Amino acid sequence: MTTTILGIVAIVAYLAETGLIVRQFYQNNSPRTPYLAWLGLLAHFAYIALNFYHDNAFNVGFFTTGSLIAMVVTLLLLLTALNKPVTQLGLVLFPLTALM
């Protein structure tokens with residue numbers, strides 16, 4: 001039950017951040033800090049931490065590994081967004097990460 005709630009929180013946070021980026025793009029506002037994406041990343045990390053090690057063995061299935069890779073790429077984007085204005089890349093990355 002906990003992993004389901006964490007997964008839903010991560011998905012909603014990623015998609016909400018995508019919506020905010022789209023709104024920012026159409027209104028020509030200055031770049032903002034993607035707080036919801038950070039929340040999604042933390043929920044995603046907690047989900048993977050609970051789901052990756054299962055029954056005294058590592059769960060290296062296709063979707064678990066894909067989700068781990070998507071989380072790492074999102075982390076790299078968010079760390080880069082601290083210094084450079086690359087949040088627009090979240091338009092593509094955040095929905096894909098939510099899908100995984």
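Visitor: In which helix is the place of Thr3?
Guide: This is a predicted model, where local features need pLDDT of at least 70, side-chain atom pairs count only at pLDDT 80 or more, and totals for chains, interfaces and linings use all residues. Residues are numbered from 1 along each chain as its sequence is written, and side-chain values use heavy atoms, leaving out hydrogens and water. Helices (DSSP runs of H or I, at least four residues) and strands (runs of E, at least two) are numbered from the N terminus. Thr3 sits in helix H1.

Visitor: Is Thr3 buried, exposed or partly exposed?
Guide: Buried means under 20% relative accessible area, exposed means over 50%, and partly exposed is in between (1.4 Å probe, protein chains only). Thr3 has a relative accessible area of 25%. So Thr3 is partly exposed.

Visitor: Which residues does Thr3 touch, not counting residues up to four places away in sequence?
Guide: Contact means heavy atoms within 4.5 Å. With residues up to four places away set aside, Thr3 touches Tyr47 and Leu50.

Visitor: How are H1 and H2 oriented to each other?
Guide: Axes are lines fitted to C-alpha atoms, for helices over the stretch in contact, and angles run from 0 to 180 degrees between N-to-C directions. The axes of H1 and H2 come within 8 Å and cross at roughly 155°. Under 35 degrees counts as roughly parallel, 65 to 115 as roughly perpendicular, over 145 as roughly antiparallel, and the rest as oblique. Therefore H1 and H2 are roughly antiparallel.

Visitor: How many nonpolar, polar and charged residues make the contact of H1 with H2?
Guide: H1 brings residues including Thr2, Thr3, Ala13 and Leu20, and H2 brings residues including Leu36, His44, Tyr47 and Leu50. Ala, Val, Leu, Ile, Met, Phe, Trp, Tyr, Cys and Pro count as nonpolar, Asp, Glu, Lys and Arg as charged, and the others, Gly among them, as polar. By class, the contact of H1 with H2 has 16 nonpolar, five polar and one charged.

Visitor: Which residues is Leu36 in contact with, leaving aside neighbours within four places in sequence?
Guide: Leu36 lies in helix H2, residues 35–52. Leu36 is partly exposed, at 29% relative accessible area. Beyond its neighbours within four places, Leu36 is in contact with Ala13, Ala16, Glu17 and Leu20.

Visitor: What is the handedness of the crossing of H1 and H4?
Guide: The axes of H1 (residues 2–27) and H4 (residues 90–99) come within 9 Å and cross at roughly 160°. That makes H1 roughly antiparallel to H4. A crossing is left-handed if the near helix is turned anticlockwise from the far one by less than a right angle, and right-handed if clockwise. For H1 and H4 the crossing is left-handed.

Visitor: How many residues of the contact of H1 with H4 are charged?
Guide: Among the H1 residues that meet H4 are Tyr14, Glu17 and Thr18, and among those of H4 are Gly90, Phe94 and Thr97. Nine residues of this contact are nonpolar and three are polar. The number that are charged is one.

Visitor: How many charged residues has the contact of H3 with H4?
Guide: H3 and H4 pack at about 150°, with their axes 10 Å apart. Ala70, Val73, Thr74, Leu77 and Leu78 in H3 meet Gly90, Leu93, Phe94 and Thr97 in H4. Six of the contact residues are nonpolar and three are polar. The number of charged residues is none.

Visitor: Is Thr74 buried or exposed?
Guide: Thr74 lies in helix H3. Leaving aside neighbours within four places in sequence, Thr74 is in contact with Tyr14, Leu41, Leu93, Phe94 and Thr97. Its relative accessibility is 0%, so Thr74 counts as buried.

Visitor: Which side chain does a polar contact of 2.7 Å join to that of Ser67?
Guide: Ser67 is in helix H3, residues 62–80, and is buried at 4% relative accessible area. A polar contact is a pair of N or O atoms within 3.5 Å; within protein, one must be able to donate a hydrogen and the other to accept it, and residues adjacent in sequence count only if both atoms are side-chain atoms. At 2.7 Å, the partner of Ser67 is His44.

Visitor: What separates the C-alpha atoms of Met1 and Val60?
Guide: Met1 is found in the segment before H1. At 76% relative accessibility, Met1 counts as exposed. Met1 and Val60 are 59 residues apart along the chain, and their C-alpha atoms are separated by 21 Å.
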